[in-house]
Each structure stands twice: as C-alpha cells, then as structure tokens.
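Work through the exercises below with the model open. Try each task before reading its solution.

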Amino acid sequence: VSEDDQGVVAGLNSSALGFGRMLGPLAGTGLYELRAEYPYMLSCVLLVVVMLALGVNRDLRHTLLRDPA
C-alpha cells in the first residue's frame, strides 16, 4: 500500500471490523434459532471458500505470503 493510501486502508479495515462485530452476533443468533448447528456450518463454508480462493488465485496467495501486513 502506498503512503498516500494508508489512511484509506486503515479506515476501511476499522469499518470492516466494526461491521463484522455488529452483524456477526445478529447472523449467528438468527441461524442458531433455526438450528443450533447452522452458525458452525456457515463458518465452515466461509472457511472453505476462503481456502479455495487462496488455492485457486496464485497472485493473491503470493501477495499475502510476500507482504502479510
């Protein structure tokens, strides 16, 4: 990330974390009310999707390995 974009990236990161902290419990509670296993199933599906995306997209994988921060 260039020096000019660091503030934008930090702001987006903070916004995404806050968004996840608001929606995570709401979604988890809604799924749990349907069935107790559903929040865990959703987590597994999301984890598999991310792993597949990293496995298929070499450029993304190399970028993350080269510059993890």
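**Exercise 1. A surface patch**

Task: find which residues form a nonpolar patch on the surface, and state their accessible area together.

Solution. This is a predicted model. Step one: pick out the patch members, F19, M22, L23 and L26. Step two: take their area together, about 440 Å². L23 sits in helix 1, which covers residues 6-34. Step four: classify L23. Its relative accessibility is 40%. Buried requires under 20% and exposed requires over 50%, so L23 counts as partly exposed.

**Exercise 2. Burial and surface**

Task: determine what share of the 69 residues is buried.

Solution. Apply the cut-off for buried, under 20% relative accessible area. Buried residues make up 1% of the 69. Then turn to the surface of the whole protein. Its accessible surface comes to about 6200 Å². Carbon and sulfur atoms hold 66% of that surface.

**Exercise 3. Charges and a salt bridge**

Task: count the charged side chains, then identify which residue forms a salt bridge with R35.

Solution. Start with the totals: 5 positive and 7 negative side chains. The centres of the two sets lie 11 Å apart. The structure holds one salt bridge. R35 pairs with E37, and their closest N and O atoms are 3.1 Å apart. That lies within the 4 Å cut-off. Check the exposure of both partners. R35 is partly exposed at 47% relative accessible area. E37 is partly exposed too, at 40%.

**Exercise 4. Sequence against space**

Task: locate D4, then give its C-alpha distance from E33.

Solution. D4 lies in the segment before helix 1. Its relative accessibility is 71%, so D4 counts as exposed. D4 and E33 are 29 residues apart in sequence. In space, the C-alpha to C-alpha distance is 45 Å.

Note on methods: Residues numbered from 1 in each chain as written. Predicted model: local features only at pLDDT ≥ 70, side-chain atom pairs only at ≥ 80, totals over all residues. Heavy atoms only, no water. Buried < 20%, exposed > 50% of the residue type's maximum accessible area, 1.4 Å probe, protein only. Areas by Shrake-Rupley, 256 points an atom, 1.4 Å probe, with all protein chains shown as cover. Lys, Arg positive; Asp, Glu negative; His and termini not counted. Charge placed at Lys NZ, Arg CZ, Asp CG, Glu CD. Patch = residues over 30% accessible without salt bridge, like charges linked within 9 Å, V, L, I, M, F, W, Y side chains within 5 Å. Helix = DSSP H or I, 4+ residues; strand = E, 2+ residues; numbered from the N terminus.
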